[in-house]
Amino acid sequence: MSTETLVPYDEALARYEPVLGIETHIELGTNSKMFCGCPTVFGAPPNTQVCPVCLGLPGALPVTNRAAIEGIIKIGLALNCSIVEWCRFARKNYFYPDMPKNFQISQYDEPLCVEGHLDVEVDGQSYRVEIERVHMEEDTGKSLHVGGTTGRIHGADHSLVDYNRAGIPLVEIVTKPIPATGDKAPLVARAYATELRELVRALGVSDVRMEEGSMRCDVNVSLMPIGSATWGTRSETKNVNSLRSVERSVRHEIERQAAVLDAGERVVQETRHFQEDTGTTTSGRSKEEAQDYRYFPEPDLVPMSPSRDWVEELRASLPELPAARRGRVRGEWGVTEKELQDIVNAGALDLIEETVQAGAEAAAARKWWMNELSRRATAQGVELTALPVTPADVVRVSRLVAEGTINDKLARQVLDGVLAGEGTPDEVVERRGLKVVSDEGELATIIDEVIAGNPDVAEKIRSGKVAAAGALVGAVMKATRGQADAGRARELIINKLTG
Ligand SMILES: [Zn+2]
């Protein structure tokens, strides 16, 4: 079977209906590991955060991390799941060099959270993604393949293993099959991953950094002929580590599987790898069935039975969730769904909200963050949050404009100064001498000079051609380095010459 042949996307969608399924692994941000007291700092030197338990040494016994269980219950509740009254951990048996016990402690037929949903929106349409289960497990270590050009095991001279990640609490969130998304399938997959990331971030239980691997998606795609009631065979693209890649991997699988089906061949049930550089997927290993793992209840851990009081306590502690928050700020700021989406996409939601809470008008906060500062962040190729300007600075700039101390044009120069490290907005105004010339006497003197220097233009205005005043206003602005109130200058010029 060739993996190179692709059917153009629109053509594939004209004949086939995609069905999605997404399994997401999220590393919890607990201070210690799932079943031992080892620290969990990202980027620590290899094998410095290990102990007999997470190295799987004989006789070492695991103990469940309460903070991790709190974290997963919060995720389950935020996803509208039921929290079961009783469940167990299970051993998932398989051999991987980066998994020292040769089994992973996970949950099998008794997950902690079941039957939830998460609503996502794409192009103004809402899609309900049903959640089958949310279960608790531990992460594996990491293999590093050395000597090859690709960093993959093929062509490597030797491999190294780092067990720092082994035993970090990992929550797996499994959707039910997501049908009927049609040509929006890649966008629905991306919207789901985005919404889930925002949700977990709001809960504060993980930093959900896809580029660091603390959130990773396995994306299942299958195709069935349009009108068919039987789902096709799915492929599973593993460890997709950016939102954009989630979208691209679905798109590619639709184009690839359509070609396989068009050729009268069978889609192979397998895991695949997403290739960032080409936007394609390549074949991995053939997918194991659950029975291949020889699951059995973990004998070293007692069952979990979270009390109803505890669950309700955790439910009451949930913060405002992203969807509710978006609904609230839309009303408070008077923005459209599209405008809000732009704000979210620009990473400006928190910044604008903090700016509003610190006393700025919503419209002003939006204007400065979305127009001026977003443009500068894009030009510098950095995130908006990485700019050296705070919500408090933006509040101050918008106040200075509202008070008439500076105008919008000068405010841009003030922001330039703040970004250049010249100090607070007030310090920049002072140092750069950016105050609007509001002293009428001073402005009148400048206007007299400008009129005297442009007698022919002044004559035109005297004879009724007030449109010519623009040239004199320009001269006033030039003489004051943009610090005059242009509207007021125009009034004074016309009064002087025609009044
Ligand atoms: Zn340990």
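Reader: Is Asn-239 buried, partly exposed or exposed, and how would I work that out?

Author: Before anything else, keep in mind that this is a predicted model. The general idea is to count the neighbours around a residue: 20 or more other C-beta atoms within 10 Å make it buried, 12 or fewer make it exposed, and anything in between is partly exposed. Asn-239 has 16 other C-beta atoms within 10 Å, so it is partly exposed. As for its place in the chain, Asn-239 lies in strand 11, which covers residues 235–240.

Reader: Where does Arg-294 sit, and is Arg-294 buried or exposed?

Author: Arg-294 is found in the loop that joins strand 13 (280–286) to strand 14 (296–297). Arg-294 has 11 C-beta neighbours inside 10 Å, so it counts as exposed.

Reader: Turning to helices, how should I describe the way helix 2 and helix 3 cross?

Author: Begin with the angle between the two axes, and then ask which class that angle belongs to. Helix 2 (residues 66–78) and helix 3 (residues 185–203) have axes that come within 10 Å and cross at roughly 130 degrees. Angles from 65 to 115 degrees count as roughly perpendicular and those over 145 as roughly antiparallel, and helix 2 and helix 3 are therefore oblique to each other. The crossing of helix 2 past helix 3 is right-handed. On the side of helix 2 the contact involves Lys-74, Ile-75 and Ala-78, which meet Leu-199, Val-200 and Leu-203 of helix 3. Sorted by class, these residues are five nonpolar, no polar and one charged.

Reader: Which residues of helix 9 and helix 10 make their contact, and at what angle do the axes cross?

Author: Take the angle before the residues, as we did above. The axes of helix 9 (residues 362–380) and helix 10 (residues 391–402) cross at roughly 115 degrees and come within 10 Å, and the two helices are therefore roughly perpendicular to each other. Helix 9 passes helix 10 in a right-handed crossing. Helix 9 contributes Ala-364, Ala-365, Trp-368 and Trp-369 to the contact, while helix 10 contributes Val-394, Val-397 and Ser-398. The classes here are six nonpolar, one polar and no charged residues.

Reader: How do helix 13 and helix 16 pack?

Author: Helix 13 (residues 440–453) and helix 16 (residues 486–498) have axes 10 Å apart and pack at an angle of about 60 degrees, and they are therefore oblique to each other. Their crossing is right-handed. Leu-443, Ala-444, Ile-447 and Ile-451 of helix 13 make the contact with Ala-489, Leu-492, Ile-493 and Lys-496 of helix 16. Seven of these contact residues are nonpolar, none is polar and one is charged.

Reader: What does Ala-486 touch, once close sequence neighbours are set aside?

Author: Leaving out residues up to four places away in sequence, Ala-486 touches Val-473 and Met-477. Ala-486 belongs to helix 16 and is partly exposed, with 17 other C-beta atoms within 10 Å.

Reader: Which domains does the assignment give for the chain?

Author: The domain assignment gives domain 1 (9–314), domain 2 (321–432) and domain 3 (440–498). Taken over C-alpha atoms, the centres of domain 2 and domain 3 are separated by 34 Å.

Definitions and conventions: Residues are numbered from 1 along each chain as its sequence is written. This is a predicted model: local features need pLDDT of at least 70, side-chain atom pairs count only at pLDDT 80 or more; totals for chains, interfaces and linings use all residues. Axes are lines fitted to C-alpha atoms, for helices over the stretch in contact, and angles run from 0 to 180 degrees between N-to-C directions. Helices (H or I, at least four residues) and strands (E, at least two) are DSSP runs, numbered from the N terminus. Angles under 35 degrees count as roughly parallel, over 145 as roughly antiparallel, 65 to 115 as roughly perpendicular and the rest as oblique. A crossing is left-handed if the near helix is turned anticlockwise from the far one by less than a right angle, and right-handed if clockwise. Two residues are in contact if their C-beta atoms, placed from the backbone, lie within 7 Å. Ala, Val, Leu, Ile, Met, Phe, Trp, Tyr, Cys and Pro count as nonpolar, Asp, Glu, Lys and Arg as charged, and the others, Gly among them, as polar. Domain bounds come from an automatic or database domain assignment.
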